Amino acid sequence: MRLVPSAEQDRFAAVLHDLLATADVPAVAESWARGDAGPGREVWSRLADAGVAGLAVPERWGGTDARPADLVIAAEELGHHAVPGPVTETLAAVPALLTALGDDRLCDKWLPELAAGRVVATLAAPPWLPYAADAHAADLVLLAEGDAVRPARTGRAYASMDYTRRLFEVVPAGGALAEGPAAAGATARALDLGVLAAAAQLLGAGCALLEAAVAHARTRVQFGRPIGRFQAVQHRLADVAVGLEFARPLLYAAAVALTDAGEPGAPGTAARDVSAAKVACGTAAHRAARAALQVHGAIGYTREHGLGRWLTKVRVLTLTWGTPAQHRARVMAELTR
C-alpha cells in the first residue's frame, strides 16, 4: 500500500477541486445555514456524478468500494472547500455501517440511494457522537448505541459553533436493525472510517486557511510593505505549513491500517493510527486557524469575509468524532495493550 497519493488519486483530487470551485460553496453554505438544503443537495448530486458519494458503497449496490485512501482524497477536498452538511456521515460512516451490518434488505434500500447522491444520512453514536449533525435535512438518521443500531428520529435541536451546522438529540424510532457483537463491530468500523474522514476534512480546511493567510500576507500592506515580508509572519506561516505536512503521513498511514485491518498478518494498529491521525490533523488545522486569524486581523472575524467558514469548521471537527483527549487516551491504551 502507498503512503502517498498516486497519480490517479491526484487527478481525482484535481477534478473534485475544480468541481467545488465552480459550485459557489459559500452561497451554498449560507443557504444551508438558513435551512434551505436544496443547493447543498445539488452539490452532493454533482459530487455523486463524480463518484464521491459511492466511495464507501460496494459495487454490488452501485458504488465503487474504494479504499480508505480514496475517501481521504475526497474528504480532504470537501474540507478544503468547507462543504456544509453531514459530509462525514453520508460519505463514510453510514455506508460503512450499513455494509458491515450485512443485512441485504437494508443495503438494498439505502446503499444505491446513497451512491447516487439522492440520500443524505446522519448518525449519533455516543460517546463520540452524542448528537446527530444536520438531522433535520437527512433522509436517514441512525442511532448506534451500545451493541445495537436503530433507526432514529430527531428531538431537541442545538446551535453549533459552526453556523452552517445544527445538532440534534435523537431517540429510537423503531426496533433494532441489528444487535449484539456483530452490531458493535460494525459500529466500531464505521466510527473509525468516520474519524478518518473527519481528520482528512481537518487537513483540507487547514490547507485552505494557510492558502488564505499567505494570499492576504502578500497583499496587505503595513509600514509601507506587504506584511508577508516580515519575518515574524513568515515564520508563523512556515510553522503552519510544516505542521500540516507532518500530519499528512499519519493520515495516510491510518488509511493503510484500515485497509489492512482484519487481513492475516496485519499488525492490527488501525485504532491507534486513526486516533493519531485525528489528533495530528486537528492540531495542525487549529494552528492554521489561529495563524490565519492573526494574519487577517479584525476582518477575519467578520462573517462577510468568509474566513469564519473554515475557522468554525476546524473548531467543530476537532471536537467531534472523538475529542483530542479521547483519541490520545485510545492511542495510549493501544500502545500499552
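**Aromatic pairs and their setting**

Guide: Among the contacts in the protein with a separation of 6 or more, 71% are between residues 24 or more positions apart; contact here means heavy atoms within 4.5 Å. The model is predicted, so local features require pLDDT of at least 70 and side-chain atom pairs count only at pLDDT 80 or more, while totals for chains, interfaces and linings use all residues. Residues are numbered from 1 along each chain as its sequence is written, and side-chain values use heavy atoms, with hydrogens and water left out.

The protein contains 11 helices and 8 strands, which are DSSP runs numbered from the N terminus (helices H or I, at least four residues; strands E, at least two). Its radius of gyration is 20 Å, close to the 20 Å given by the globule rule for 337 residues, so the protein is as compact as a globular protein of that length. That radius is taken over C-alpha atoms, and the rule is 2.2 Å times the number of residues to the power 0.38. Along the principal axes, the C-alpha atoms fill a box of roughly 65 × 45 × 35 Å. Of the 337 residues, 54% count as buried; buried means under 20% relative accessible area, exposed over 50%, and partly exposed in between (1.4 Å probe, protein chains only).

Now to the rings themselves. A pair of aromatic rings is described by the distance of the centres and the angle of the planes. Rings of Phe, Tyr and Trp (its six-membered ring) pair if their centres lie within 6.5 Å; planes under 30 degrees apart are stacked, over 60 edge-to-face, and the rest tilted. By this rule there are 2 aromatic pairs. In one of them, Y131 and Y158 have ring centres 5.2 Å apart and planes at 50°, so the pair is tilted. This pair links distant parts of the chain, 27 residues apart: Y131 sits in the loop between β1 (121–124) and β2 (132–133), and Y158 in strand β4 (residues 148–159). Y131 is partly exposed at 33% relative accessible area, and Y158 is partly exposed at 24%. An edge-to-face pair is formed by F223 and F230, with 6.4 Å from centre to centre and 85° between the planes. Here F223 counts as exposed, at 73% relative accessibility, whereas F230 is partly exposed, at 23%.

Most residues other than glycine have a negative phi, and most peptide bonds are trans. Elsewhere, D65 has a positive phi of about 50°; D65 lies in the loop between α3 (38–49) and α4 (68–80). The loop between β1 and β2, which holds Y131, also holds P127, and a cis peptide bond with omega about 5° joins P126 and P127.

T320 is located in the loop between α10 (308–319) and α11 (324–336) and counts as buried, at 12% relative accessibility. Leaving aside neighbours within four places in sequence, T320 is in contact with W128, L129, R165 and K278.
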